[in-house]
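Please examine the sequence and the structure shown below.

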Amino acid sequence: MAIDGLIILDATGRPIIQSGFRSSTAAYPLLHIDALNHAIAKSPRPDDVDPVLYVSGASTEGSSACCHVKYGELRFLSPVSGDVDPLYAFAFLQTFVDILHEYFGSISADTLKDNFDVVYQLLEETLDAGGHPLTTSPNALRDIVLPPSLLTKVLSVAGVSGLASPSANSHPFASPIPWRKAGVRYNNNEIYFDVVEALEAIVNKNGTPAVSTVWGRVDCNCKLSGTPDLLLTLSNSHNLNDASFHPCVRLQRWGRDRTLSFVPPDGHFKLMEYRYAPASTTSQHQVSVPFALRVATMNIDENGGTFDLALTSRLTTRPLENVYIDLFLGEGASGASCVVSHNASWNFDPKSLNLHWGIKSLPPSSTFSLRGSFTSSMKTPRPARAFRIRFEIIQHSFSALKIEQLKLTGEMYKPYKGMRGKSTGDVEWRW
Amino acid sequence: MSGQGGQDAKFFQRGKIQEFRAELHAAESKDKKFQKRKIVLKKIVANITMGNDMSALFTDVVNCLAIPSLEIKKMVYLFLVSYGRAKADQIHLVIPSFLQDCSDRNPLIRALAIRTMSYIPIPVVLESLTDQLRHCLKDRDPYVRKTAAICVAKLYTADPRKAERGGFVEMLRDLMLDTNATVVSNAVAALSEIGDRQDGVIFKLNLTVANKLLAALPESSEWGQIYILDSLLRYVPEKHEDAELMAERVIVQLQHANSAVVLTTIKILLYLMNYMENRRLIDYICKKMGPPLVTLLSSGPEVQYVALRNILLIIQRRPSVLKNDVKVFFCKYNDPIYVKLAKLEIMYRLAREENAREVLAELQEYASEVDVDFVRKAVRSIGRLAIKVQPAADSCIQALLNLVETKVSYVVQEAVIVIKDIFRRYPGKYEGIIPTLCEHLDVLDEPESKAAMIWIVGQFANRIDNADDLMDDLTYNFLDEPTEVQLALLTAAVKLFIFKAQSDTSKALVHKVLKWATEEVDNPDLRDRGFIYWRLLAINPAVAGEVVLAEKPAITTDADRMDRGALDQLLLHTGTLGSIYHKNPETFIRNATGKALADSPALNAFSRQVIVPITRNNLPPSAINIPGPGPPGPRKPEPAAPIDTAALPPRPPPTSGSSSVLIDTSGTSEHETTEDGDGEAEDEFAPTPTASADPYENLDNAFGGYLADEPRPQMNDLLFRAF
């Protein structure tokens, strides 16, 4: 149960950084890089490449698999040769990406190259050469690998380096709780919760949802001193169907009375994820989609077609914001001309062949429309059978999840707590 | 580390060995806080990572080991790990430093030293490592102990016998009872790694140790939890209660945020269920497993894909999991193709009378999409749905006819292929649509669809008025057709002749075809079959009729289901590569050991009957399976060959727990009859009586015959290849 290592490729498929593949030949990582690049080049859509790519080995080595994910312009590869859980590889890749994010903010080929020594230290600490993940909790990592920003700050202020700095402390892992640093101090004790919910739905031609699911997530930014033990009570928690939690949450307690009892890590972390399905509203346990798309005409003619669409908000109090409607016009699509109502925008992307309709803000109960035609070099164009509609709603949550109470034990102060809600949606609307 | 954070890109320039050496020496003077040497070393490390050979600097770099700076130590160690093996003759220079660092005050340095040593598998290093490792395994700092545990596995890899003689395996075993959870999980990881080797000691757990490990679970890191959970497969419950109690303790882990923890937990639960008796608990666990599996589908497509491949296995063994969740698997337009195909397969498996309407509506939607591959599979799935769910057959046929009307070539071809199977499944019910199909003969240009259509024309020649004209057209290019089509034409011509013996056209036609097949074609199968038909017709046409128009065994959908024993075995690999490729890992991973359910008094009777023993060291020959067009009759008489081939005897109808076909093993008498110990109503399938020793064989059958030596995701599980 161990992965073989980690390789990061830049946008052109060249390796930027890789862990030391110490139990294999030097050709092994190259074999995987080539296999992936080859597969991507061969595939009509790069995203369609098998995520667990089978790599047949050279004569001296057995075959293996290459697990890879795309992150921005970069690709993260993890070769595995034993009978290993690919999810294990993917979970590690995700964890590593999260760590990089935590350390550098944005991740690009340039940031990685600029900070390659930090990335290397991170690799060394998170993954041993046998492929066993070691320390991956950001709180513990920060004790042994200094983030670049903090580093420059400390150095410029104190003018010292190396072992003398407070960072490389001689008591790593001094904290009894693996995910929390010891001795954290803040002047203002604050904790913020962000409830982010994403609606994913497929809506049939007749306007009824075939599937609609809300995936929710509670992100937390914790700035509390000492070792606070928190007890968080949520309203409407009975609506959350299946929840998964940060390791700090006491699962037994949640199982007993649906309250969250935990000692939080310091800083940003994802407290919980859940799926929301209303118990009562409809018999089908579906969340309703907050808008309606009326496809008045959608004619496909020779070398083109015409369409007439109307998008109506079903919300009554809040606007839908950053609404993007996309339609793939099919191979050979060459152009489009449209008229949009209000101050919406449209364009045709000749690269992705998508027609794109953007609405900054769709006020409650209002209707926006788009009318137009497109041309195609194909005799019978075959546009996608569905529109993809993405949107955001600020200060809103589908589940109406709220924090009822936050109790703190173990420390004497009274924390300031804040909570925000935000909803996003990604809906496929068939016509 | 660097004073100029964010400027390190400049280190990524090729440097020459000589320059570095000079720089390193120059840096020695007036090196305040070792900054200068640090920068040179950093350049060297950057060059290592670019793949430039820096090994010539060995002595120069090693000299820096004496510098009391953790950062510099780290870089030197990195250098050693990269070139230590290659510089075996000089490695003795470093040993004193290693030994010194092993007794450093700082636990990080102690750990770093043994970790580095364990990466350099050279006898002289290993020799000093063994002593140090013994101390470090008992170090008072848990960080050192946990590092030492993993080092034991490295030592074992380098020299198994030395590690065994040194008593390291026993020391690891003791570490499993350590007070620190991370140490425990690393000891488990090391023991598992050793136990997974074919030459390794066998690693098994008893109840006491298993419980101790479980106690360490809540405090372990997520990776540690995976090791511990995974090791529970090495525990064989002797009593039902033991398995049940353990499952209850493990089940909370289903709510872990890490998807790998979740899937490993599911694997253990599935395993433990084999040893349980309490029906209600089993149902409860099945119910609990559904939501976390669904949650995995909210992750990125890569995780979704792994989850879907596993779900496909799980629902075959425990159909009550996700029974009501078919909607979750509806495909999105933007899903990557591998996700779509995996979802499609699951939708088909979950289809029942209750949800057939919804599923069909979705499939129809997919059939109008753009992606050819996906559309074909969707059409095929409609046909399979018709065969699987009888009450839905009417609407499926209607859907297929609508698709034929689209005249999109590949849609029509797929539709024809599946309609042929539907005719076989429901004889006498849908032949009315044959004329509609005949209108689209011209569209068919692929061998499989052409052969299917020819089969239809031949089989129902008595109902098609212009069958002889159609056949005449179809045989026009006989000699240029692929063998598959030629074989179909040959048989169809004979059928036509038997139905319409009076017609001159058909007489001439059969004569012409037989002559071609026997005289002008090189393919021996075709020629032999030509001769057989010819003789049959010459001697007794009535017998010929009985042969070619013999009653065919009914088509069912259980042929595409996996054999239960193989399934049990594959589920032990839930989440691993084996479950992605649906093959047992020892068949495609070198040095992998197989897993098999271990027998115990608690194992349920049904599972015991289908136990597939491990075949250690028994890799399948890497011969390539040439997918040549063999004669349809004497195809390999495999127990689950997709279907038909008139040579096969009709399969016994699949009834749940049909005890008559079960092999009676002596152990079963103490359990309730031959019915599955779980009393699984959901076990709809009877075990194949010939539970073969080679689990592989069954898989191939179930998954449409992929090449044995090249596992890959099986996408076309949907094939009904019938002649």
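In which helix of chain B is the place of E164(B)? E164(B) lies in helix α9, residues 160-165 of chain B. The model is a predicted one, in which local features need pLDDT of at least 70, side-chain atom pairs count only at pLDDT 80 or more, and totals for chains, interfaces and linings use all residues. Residues are numbered from 1 along each chain as its sequence is written, chains are lettered from A and ligands numbered from 1 in the order in which they are written, and side-chain values use heavy atoms, with hydrogens and water left out.

**Chain A as a whole**

- Chain A contains 7 helices and 21 strands; helices (H or I, at least four residues) and strands (E, at least two) are DSSP runs numbered from the N terminus.
- Of its 431 residues, 56% count as buried, where buried means under 20% relative accessible area, exposed means over 50%, and partly exposed lies in between (1.4 Å probe, protein chains only).
- Among contacts in chain A with a separation of 6 or more, 70% come from residues 24 or more positions apart; a contact means heavy atoms within 4.5 Å.
- The accessible surface of chain A is about 18,200 Å², and 51% of this belongs to carbon and sulfur atoms; accessible areas come from the Shrake-Rupley method with a 1.4 Å probe, and for residues only the protein chains shown count as cover.

**The sheet of 9 strands in chain A**

- An open sheet with mixed pairing has the strand order β9-β11-β7-β6-β21-β19-β14-β17-β16; two strands pair if DSSP finds at least two bridges between them.
- Its edge strands are β9 (240-245) and β16 (345-349) of chain A, each of which pairs on one side only.
- From one strand to the next, the twist averages 15 degrees; the axes are lines fitted to C-alpha atoms, for helices over the stretch in contact, and angles run from 0 to 180 degrees between N-to-C directions.
- Strand β6 (residues 190-203) of chain A pairs with β7(A) in the antiparallel sense over 14 bridges, and F193(A) has C220(A) as its bridge partner in β7(A).
- The antiparallel strands β16(A) and β17 (residues 354-362) of chain A are joined by 5 bridges, with W346(A) standing opposite W357(A) in β17(A).
- β16(A) and β17(A) form a hairpin with 4 residues between them, and L353(A) in the turn has a positive phi of about 60 degrees.

**The sheet of 4 strands in chain A**

- A further open sheet has the order β12-β13-β18-β15 (chain A) with antiparallel pairing.
- The edge strands here are β12 (291-301) and β15 (333-340) of chain A, and each pairs on one side only.
- Strands β13 (residues 304-313) and β18 (residues 367-376) of chain A run antiparallel and are joined by 9 bridges; L311(A) has F368(A) as its bridge partner in β18(A).

**Helices of chain B**

- Helix α2 (residues 35-49) of chain B has 15 residues and reaches 21 Å from its first C-alpha to its last, close to the 21 Å expected at 1.5 Å a residue; the expected span is 1.5 Å times one less than the number of residues.
- The buried residues of α2(B), including V40(B), L41(B) and I44(B), pack against α4 (116-126) of chain A together with α1 (17-27), α3 (58-63) and α4 (70-83) of chain B.
- Helix α19 (residues 356-367) of chain B has 12 residues, and its end C-alpha atoms are 16 Å apart, which agrees with the 16 Å that it should span.
- Among the buried residues of α19(B) are V359(B), L360(B) and Y366(B).
- The elements against which the buried residues of α19(B) pack include β7 (209-223) and β21 (416-430) of chain A and α22 (409-425) of chain B.
- In α22(B), 15 of the 17 residues are buried, so this helix is largely enclosed by the rest of the structure.

- E164(B) is partly exposed, with a relative accessible area of 27%.
- Not counting residues up to four places away in sequence, E164(B) touches Y156(B), V169(B), E170(B) and V201(B).
- Y271(B), found in helix α15 (residues 259-273) of chain B, is buried, with a relative accessible area of 3%.
- The C-alpha atoms of Y271(B) and Q569(B) are separated by 9.5 Å, although these residues are 298 residues apart along the chain.
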